[in-house]
Amino acid sequence: MTEPAPWWTNAIFYQVYPRSFADSNGDGVGDLDGIAAHLDHLSLLGVDAIWLNPVMVSPMADHGYDVADPRDVDPLFGDLGALERLITAAHTRNIRVTMDLVPNHTSSAHAWFQEALAAAPGSVARQRYIFRDGQGPDGAKPPNNWVSVFGGPAWTRVADGQWYLHLFDAEQPDLNWDNPEVFEDLEKTLRFWLDRGVDGFRIDVAHGMAKPPGLPDMTVPDLEMLTHDDDDPRFNHEGVHDIHRSIRSVLDDYPHAVTIGEIWVFDNEDFAKYLRPDELHIGFNFRLVRAEFDPASIRGAIENALAAAALADASPTWTLSNHDVEREVSRYGDGVAGLARARAMAMVMLALPGAVFLYNGEELGLPNVELPDEVLQDPVWERSGHTERGRDGCRVPMPWSGDAPPFGFSSNPGTWLPMPPEWSALTVERQLADPDSTLTFFRTILQLRHSTFHFAEFDVEWLHLRDDALAFSSGGVLCVLNAGRTALALPAGDVLAASAPLLGGKLPPDSAAWIATG
Ligand code: ISL
């Protein structure tokens, strides 16, 4: 008998950014009890799992990606009891809970880093991080030319003259993964959460961690922030695969749990290495996020993502947005067209075999928000010398109900990021009552994905209708996207759903439809 496919194979994951989902205690920041109080929303959508961004103890220099204690919950979000209640409540509804894990770096407030600062150069405590002497006669130049992903140098000098490496903020020192103590501690963290019932981890910067011997200079240090290419020595070093093998050896004791790598690697063969049978189960493929609203670009993204996963015999994954990228409504042009295209792309994504990741607010059609300078919080804003606004615009809290901010997100009008008054038209409450809303649309297509698609393999068959259209079938459904300027005649068949009303039986521009093929 063949083993049934693991639960995550074609699952719908819903990413909850805890600061922005729901605030239960009126401090203006979302928290765990807030999430537990809104599980009805997730049941209504019919999602299979939650991916929870970091809720561990953190000074919040990078909103939780700077972890000071990986085995406890930050009081801002609640406590361990609140997390356990959330896991139990989600499980009762058949929703699994996956958590973020941040193995590349810690917070500078972590006890290890504080110990390292107090210790002498060359000490055991310093060897848990990447401390080096500087260059030049007095060591006043950084050890190499690496820049931080958030802007500025990737090195910060400490009082005794040594420098430490941080690929992100200065408050996020990179761990030294050549030191066995680092994995020993991560193993404790993995078991700590798995023993409390979590169903797996999204692994932050899964292509980071290992650093090349000698830390050679980068060839293009004046990169755009928040990007890098596959040849960048800061990431995707061969040694990372041993780390994933060690993580997997622990996960194999918990066969119900999944590991999902955040893998910003674009070469298909390099990407597939992360998904070998003894490494990660699945990995985020970011090609669809980068694709233009253009049939050739979208098809290229899909074909490459399928090919990369197939090389490792792993499930493909699909995502259009997350807490690090501009929301797709805005990427596709904002306004009416941006929303129409985002809805159409949701149908493209949900017609694909593999695991799908939705980001909270996507189901409401939220756009990115242009925030005033004085409220910006992303470290990118400061580190770029106020040249890059950072990622706050896609992290504005969820509008739940009512006619004015904070829209039921909190009892406190001083939400951690301000909410635009015009979101009164986008609240969950308003959209649930409207049969034409984006939320109703998402409910319909998510329900159809569960009931109608029969994904046996990760196969996609392409059909050419017109150069400005995209058409493919998978799982017994044909998906047609019209990215052109004129209405498109649809192939014969039962139209299961469309992202916009058909015009005389034709598919309008900037929309998509699903047609039953058997
Ligand atoms: O280099 C990138 C893409 O080519 C960056 O996007 C980078 O990989 C990404 O920012 C890593 O993101 C994750 O780790 C960060 C954190 O700020 C992000 O929110 C998280 O998703 C540091 O922990």
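Q: What distance separates an oxygen atom of the ligand from an N or O atom in the side chain of D204?
A: The distance is 2.8 Å, which makes a polar contact (N or O atoms within 3.5 Å). The model is predicted, with local features requiring pLDDT of at least 70 and side-chain atom pairs pLDDT 80 or more, while totals for chains, interfaces and linings use all residues. Residues are numbered from 1 along each chain as its sequence is written, and side-chain values use heavy atoms, without hydrogens and water. Ligand oxygen atoms also lie 2.5 Å from a side-chain N or O atom of D324 and 3.0 Å from one of R391.

Q: How much of the ligand's area does the protein bury?
A: The size of an interface is often given as the accessible area lost when the parts come together. Here the protein buries 99% of the 510 Å² that the ligand exposes alone (Shrake-Rupley method, 1.4 Å probe).

Q: Which residues come nearest to the ligand?
A: Of the 21 residues around the ligand (a heavy atom within 4 Å), D62, D204, H228, H323 and D324 come nearest. The shell comprises seven nonpolar, six polar and eight charged residues, with Gly counted as polar.

Q: How many cavities of 30 Å³ or more does a search find?
A: Rolling a probe the size of a water molecule over the atoms shows where empty space is left. The whole structure has two such cavities (1 Å grid; a 1.4 Å probe fits but cannot get out). The largest cavity holds about 200 Å³; 16 residues line this cavity, and P70, V102, P103, D185 and L186 are closest to its centre (lining: an atom within 4 Å of a point).

Notes
Polar contact = N/O pair within 3.5 Å; in protein donor to acceptor, adjacent residues only side chain to side chain. 1 Å grid on protein atoms, 1.4 Å probe; cavity = no way out; pocket = protein on both sides within 12 Å on 5 of 7 lines; lining within 4 Å. Points joined across faces, edges and corners; volume = space filled by probe spheres on them.
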